[in-house]
Amino acid sequence: MPLSEGPSTTPDGRYIIVRKRLWRAANPDLPEEKRQALVDQLMDARRAVRDAKGDDAALRKARARVQAAKEGLGERGPVWWDDGAPDYNRYLVKNTPYAEWWEQDCSS
């Protein structure tokens with residue numbers, strides 16, 4: 001897949017696939033304004049992690065901000081879907097119910 005297309009997404013939209021591993025996608029039901037505010041917070045927090053060189057307290061605080069933003073986006077914490085399906089975040093695709101789809105449609 002060309003780099004400009006971005007990562008593959010599972011048919012149900014719950015995960016993106018990076019290096020054959022599932023990563024939970026952001027909640028698609030978030031209003032755009034809220035989603036963008038959380039993405040901005042996440043980017044600020046990631047910069048704070050990068051800039052916390054040698055300052056353990058600042059690093060912990062920055063990592064907590066990353067966690068909070070990712071939870072707000074639905075990428076961590078409780079799942080954003082409500083059908084009772086389990087969370088396969090960070091699993092290799094081949095070890096999930098998405099394996100057959102991946103092999104048929106995306107693994108080239």
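Helices (H or I, at least four residues) and strands (E, at least two) are DSSP runs, numbered from the N terminus. The structure is a predicted model, in which local features need pLDDT of at least 70, side-chain atom pairs count only at pLDDT 80 or more, and totals for chains, interfaces and linings use all residues. Residues are numbered from 1 along each chain as its sequence is written, and side-chain values use heavy atoms, with hydrogens and water left out.

**Exercise 1.** Locate R19 and state whether R19 is buried or exposed.

*Solution.* Step one: R19 belongs to the loop between β2 and β3 (21–24). Step two: the relative accessible area of R19 is 79%, so R19 is exposed (buried means under 20% relative accessible area, exposed over 50%, partly exposed in between, with a 1.4 Å probe and protein chains only). Step three: although R19 is not a glycine, its phi is positive, about 50°.

**Exercise 2.** Count the aromatic pairs and classify the pair of Y15 and Y98.

*Solution.* Step one: rings of Phe, Tyr and Trp (its six-membered ring) pair if their centres lie within 6.5 Å; planes under 30 degrees apart count as stacked, over 60 as edge-to-face and the rest as tilted. By this rule there are five aromatic pairs. Step two: the ring centres of Y15 and Y98 are 5.6 Å apart and the planes stand at 70°, so this pair is edge-to-face. Step three: because Y15 lies in strand β2 (residues 15–18) and Y98 in the loop between α2 (56–73) and α3 (99–105), the pair ties together parts 83 residues apart in sequence. Step four: both Y15 and Y98 are buried.

**Exercise 3.** Determine which residues make up the largest nonpolar core.

*Solution.* Step one: a nonpolar core is a set of buried Ala, Val, Leu, Ile, Met, Phe, Trp, Tyr and Cys residues joined through side-chain atoms within 4.5 Å. Step two: the largest such core has ten residues, namely Y15, I17, L22, W80, W81, Y88, V93, Y98, W101 and W102. Step three: at least two residues of this core come from each of β2 and α3. Step four: another core, of seven residues, lies apart from it and includes L30, L38, V66 and A69.
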